[in-house]
Amino acid sequence: MAGTRAILIVVLAAAVALQLAAPAAGNTAAVAEVCRNTPFPDLCTGSSGKHAAKYRTVDPLTVLEMQVDAFKKRVRAASRRAKKGAKAAANPDQKRALNLCKSYYLDAGDNLGACKRAIVFKDGVTIRATMSMAAQDMQNCDEEFRKVAAKNPVCDLNKSLVEMSENCRVLSNMIPAS
């Protein structure tokens, strides 16, 4: 009797584990479907897909939340790279540009906070405005390096952040009105 009970518990645990794992695969496919309608679908799917299991349903609003969370992580990575680069800068102009980039990343973080609050209210106008301002911060950082004709060590991150902001703006247009 105890052996039968133990087997039953193991079988039930396995069934529950399979049920919990199944939506994650389905959610990943749903993320890809939503991302298909963005200007940079591979970037959207790649940065959102790994978070799909955290959501019960996947729609443009939840994919937008995933994108903003991924954007925030990437901004932090860019800020760390800029800080490290400023310490090892080859010249004062490059150091100044990297320090300015760090301030742009702080500003982008503030914009992302406002964007997250706007998502709660499904406020597409504010979402688009905050994402435009975040993209402008990345472009301002790049401009600092153009002014001094120096290599930008955060150029690749800035490029992907601008692309992510465009995806977010498009996703905000997919949010149904409340």
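What share of the 178 residues in the chain is made up of buried residues? The figure is 39%. Keep in mind as you look around that this is a predicted model.

Let's start with the overall layout. How does the chain connect to itself? Take the contacts with a separation of 6 or more: 69% of them are between residues 24 or more positions apart.

Now go inside. Nonpolar side chains tend to be buried together in soluble globular proteins. Here, the largest nonpolar core has 42 residues, and the ones that touch the most other members are Val63, Leu64, Phe71, Tyr105 and Ile127. At least two residues of this core come from each of H1 (2-35), H2 (41-48), H3 (60-87), H4 (92-120), H5 (124-147) and H6 (155-173). H3 gives the most, with eleven residues.

Set aside its neighbours within four places in sequence, and Phe71 is in contact with Leu112, Met131, Ala134, Leu161, Met164 and Ser165.

Next, follow H3 to its partner H6. These two helices pack at an angle of about 160°, and their axes are 10 Å apart. Because angles over 145 degrees count as roughly antiparallel, H3 is roughly antiparallel to H6. The crossing of H3 past H6 is left-handed. On the H3 side, the contact includes Val63, Leu64 and Phe71, and on the H6 side Leu161, Met164 and Ser165 are among the residues that take part. What kinds of residues make up this contact of H3 with H6? They divide into 14 nonpolar, five polar and three charged.

Finally, take a look at two loops. Most residues other than glycine have a negative phi. Lys122 is not a glycine, yet it has a positive phi of about 55°. You'll find Lys122 in the loop between H4 and H5. Is Lys122 buried, partly exposed or exposed? Its relative accessibility is 36%, so Lys122 counts as partly exposed.

Ala149 has a positive phi too, of about 50°, although it isn't a glycine either. This residue sits in the loop between H5 and H6. With 74% relative accessibility, Ala149 counts as exposed, because the cut-off for that label is over 50%.

Technical notes: Residues numbered from 1 in each chain as written. Predicted model: local features only at pLDDT ≥ 70, side-chain atom pairs only at ≥ 80, totals over all residues. Heavy atoms only, no water. Core = buried A, V, L, I, M, F, W, Y, C linked by side-chain atoms within 4.5 Å. Buried < 20%, exposed > 50% of the residue type's maximum accessible area, 1.4 Å probe, protein only. Helix = DSSP H or I, 4+ residues; strand = E, 2+ residues; numbered from the N terminus. Contact = heavy atoms within 4.5 Å. Axes fitted to C-alpha atoms, helices over the stretch in contact; angles between N-to-C directions. Parallel < 35°, antiparallel > 145°, perpendicular 65-115°, else oblique. Left-handed = near helix turned anticlockwise from the far one by under 90°. Nonpolar A, V, L, I, M, F, W, Y, C, P; charged D, E, K, R; others polar.
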